[in-house]
Amino acid sequence: MILHKWYRSKRIPLLMFIFITCLLIYSGRKISFGNNSTKTGTACCIEVSYPGMNGKFLEEEIAIPLENQLAKLSGIKELSTVCEESRVTIVLDFDENINKRNLYFDVSRELDIFKESISYPIQNPRIYFDSTGGSPDLIICIYHDSKNKPKDNLIEKDIVPLLEGLKEVSMVRILGNKENEISIKFDSNKIARKRIVPQGIAELIQDRTLQDICLSYDGKSYTEALKFKTKVTSLNDFSGSLLKTQDQFVKLSDFCSVSLREKEVNEMVKLNGRECIEIEIYAKNDSSIFKLSKKCQTTIRSFFSENEYMILYDEADVQLKSIKKILLSLLQSFALITVAVIIIFKNKALIISVISFLPVSLLWNLFLLSALGIEINKDIITGICISLGIIIDPLLVIADLRIESNENDIFLHEIQKSIPALLTSIGTNIIVFIPFFYVDKIIPGISNLCFSIVMMIATSFILAVLFYPIILCRIEMEEKDNIELWNTKLNVFTLSRKKARIVYVSLITISIFAIFFLNHDIKWNKSLDLISVNIEYNPEKRFEFIDKSVGKIVDHINKSYMVEKIISISRKGSCELKIFYDRKKITKKNLINLIDDIKTKTGDGIPFIDDGMFDRKPGFDIEVAIEGLDSSVCRKLAKELADKINRIEASASTVLNFKGLETSLLLTMDDHMLNRLNCAPLELADNLYWYLGAPIINKWIENMKEYDVRLLDEQHDTFNIESLIDKKVFIGDELYKIGSAVKFSKKDFIGKLHRKNNKPCAKITVHFKYGSMKKAKSIIMDAVKEVGLPENYSFSFDKRTKEYQDDVRNITFSLLSSIILLFVFICIFNENPKSSLAILSIIPAAFAFPLGIKLMLHACLTAEDFIGMAVASGLVVNNAILIESSGLYRNRKSIFLTNLTTIMGAIPMILLVSSGIEKDLAFYMLFSSAGAMLISFLIFPRIISDNTLSYRCSLQVQ
């Protein structure tokens, strides 16, 4: 009754439509476009620097105590540590439900307690959140001009703090940067003659760089402030500083020189053979990639001109290209649906009204989402595009009612009668998405996509029911539309009950077989036009020599292949190549030849390349850690495991995530000589550390810039074994040659140590060309059994692999939950569980078409497939609901129209989008709808009771 009055009113609906539209435009006028980061999880990365110390020392003195301190934090799922020369890196992976608000302060508190508990001069630990995995979101290369003074200090002291200060940025890494430091060089012969040890010089410098002391005393009638000037104001003041020896004071300038110099670098970065500095920027989990890219590039442009830097990789640009493809598919879907509407209907006014409804609905949703504070990103646009073929369904039903009703009163009466059916249809399309709002951890962005589809369906239903009939009442219907021809042709095909049941059961069997037979997997790989190459050399080989060797490979690639950019990062014992290419300019054959050239032209280097990108099926990696009591044993077991796995056909390659043993000089103390010198071994070792280690002893702040202060011997830059033997040290009251108190020998040691969950470990990465994660884990576990781990040694997978089974289980449970919700929803309306089960049976029958294709391609079932099935479930079940309730004949137009528009809307997404969840959703929408339409016309009416076969009787009457 209320709706009848609403439809009869001429002004109120129009005014209400204008009011709602204006309100949405005003509330959502500030539409924000962008894309959220696709990273998930709560993780923390801690870096502790102690220059000059090797990995073993750092493990025992820094890593283990710090791990014990951090273990007091609650919610830690996994703790991984890497100890290498001069640096300890600890990665903490926290439980998803942890309170993130206080996490930073909790970690900082434990680090402060740890720093107070040790006496070693470590630098302040750096804490990064949300950036422990995956590739950088923005890579910027700044060209390095060796002729002019490089702007390295500008990058480290000015640019990096600005970038780290952006709220979207989690972490900034600098590669190839040459920083400046304060160098205090001493003459070892002079300090030895003056009976001075390097520790004394260090204590003097540390003392003169402390803060000034402020005191106060009480006078007779007032309080007087006193200030003691203890800190030097400039570097030149160091020269006049006095150091007390045994019998006199001497100036620092008598045996030391103070200067600003470049730090020693341990890596060289080149872009297309030109030296550069690489800045890697990682986004926070909840940040906008677009905002991060814009702000970071604005910061860089304020310091450098366009010819001084290059954007090597920009996740925002990748996302933008993807959005453009989706928008293009949206326009093409709109065009195809328009063509379908023109073919179906003859009345021009009716055609215009249907077509005009889609952009109005789209704009309503955009402004509504913006008003709710939701950023319009790739996932939102995907949801809009996916739902385009769904939201037109109530329009087509209402338009069909208008064609069948010559008078407005009859038309409005039929609309009110059809509203329960429309609500049921809308409900089935919405309810399937509810369980998938909680799997964003598995597929980042799925909640945004589902919310976008739900909003489109809901708002479009409101528009269709409240406002569209009023427009149709003003359109005159003179003759029947072309749809009658389609119906007559489609209804002549039929199957006998027996044949229909056989076909129907066969289709359901195919679906069930496919779900259990096909391998289940979770997609993790990013689709990048990038070849990553890791080249391993002898661990002691210096990066300068590696850079020369790799430079020849880079020159050959640039001359022989159409690649866009090549960046090389040369380090001690290894080199990393990143080769960016354009798929449109280079063929698959050329890429394979390129990889073959790299493998044959690396000289004494061993290249590791992921060439699984050229296979039809995407590969995946599994990291395996062997944990135990001793790092050497762990490495030995890891090598044996890698050999076992390499013999298996399914694995493409196995990479040892650790270097070979490094050779070092072992200095053994001569006990007889030390006793004669009355010198303890530790005293001599401590002296040698100051002569050879060149440690950072303090920080110097000048003009708001922080510099390391390093103490080193003048001969440190030209050090060799002969000079070490002849070097004199001051012990007690005498000078002695080092060679007279120690013996030299060579020994192999582990340069880079890995730890996991407070235990030493060794890690390998296994790349599988094909197969499922479940099967890959089984292969690795079988290989572990063959190796046979000793007592107190175990193995573990990486966090992502360990959670795989839970992720698959959660996705499967979400799909089952969607179907259960559908069953409950249908039972509420028809109050007949048996009939509801018959209706639901059309879901697996319709899935036989897309799953059959998957079977023929031997593809894996991914999380995206399960979501696609859930979306298609809400669509195909509507056909069964209509047939079961009132027969095929009465609903043949609605079934044909709604499935046709869904198919039309999905085609462009499949053709234009190369991969991703949007392609998977469109795939299931297209083939499930096509299958459901055929089943609905040819098979399903024969499956349910004879009462629903009224279409045959109606045809006979006609």
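**Note on the predicted model**

1. The protein chain exposes about 45400 Å², and carbon and sulfur atoms supply 56% of that area. Please keep in mind while reading that this is a predicted model, and that the values in these points are computed from it.

2. On the chain as a whole, the secondary structure comes to 34 helices and 30 strands. Of the 958 residues in the protein chain, 51% count as buried. If we take the contacts in the chain with a separation of 6 or more, residues 24 or more positions apart account for 79% of them.

3. Which residues of α4 are buried? They are Leu103, Val107, Ser108, Glu110, Leu111 and Phe114. Seen down the axis of α4, these buried residues fall within an arc of 165°, so they line one face of the helix. The face turned away from this buried side carries the exposed residues Phe105 and Glu116.

4. What covers the buried residues of α4? The cover includes the strands β1 (42-49), β3 (87-94) and β4 (126-129), together with the helix α3 (55-70).

5. Most residues other than glycine have a negative phi. Phi of Asn757, however, is near 50°, a positive value in a residue other than glycine, and phi of Asn758 is near 70°, again a positive value in a residue other than glycine.

6. The reasoning rests on the cut-offs used here, because a residue is called buried under 20% relative accessible area and exposed over 50%, with partly exposed in between.

7. The last point concerns the surface, where Leu816, Ile820, Val824, Ile828 and Phe829 form a nonpolar patch with about 490 Å² of accessible area together. One of these residues, Val824, is found in helix α27, which spans residues 804-830. Because its relative accessibility is 41%, Val824 counts as partly exposed, although Val824 belongs to a patch on the surface.

Definitions and conventions
Residues are numbered from 1 along each chain as its sequence is written. This is a predicted model: local features need pLDDT of at least 70, side-chain atom pairs count only at pLDDT 80 or more; totals for chains, interfaces and linings use all residues. Side-chain values use heavy atoms; hydrogens and water are left out. Buried means under 20% relative accessible area, exposed over 50%, partly exposed in between (1.4 Å probe, protein chains only). Helices (H or I, at least four residues) and strands (E, at least two) are DSSP runs, numbered from the N terminus. The arc is that of the directions from the helix axis to the C-beta atoms. Contact means heavy atoms within 4.5 Å. Accessible areas come from the Shrake-Rupley method with a 1.4 Å probe; for residues, only the protein chains shown count as cover. Patches are made of residues with over 30% relative accessible area and no salt bridge: like charges are joined within 9 Å, nonpolar side chains (Val, Leu, Ile, Met, Phe, Trp, Tyr) within 5 Å. A salt bridge is a side-chain nitrogen of Lys or Arg within 4 Å of a carboxyl oxygen of Asp or Glu.
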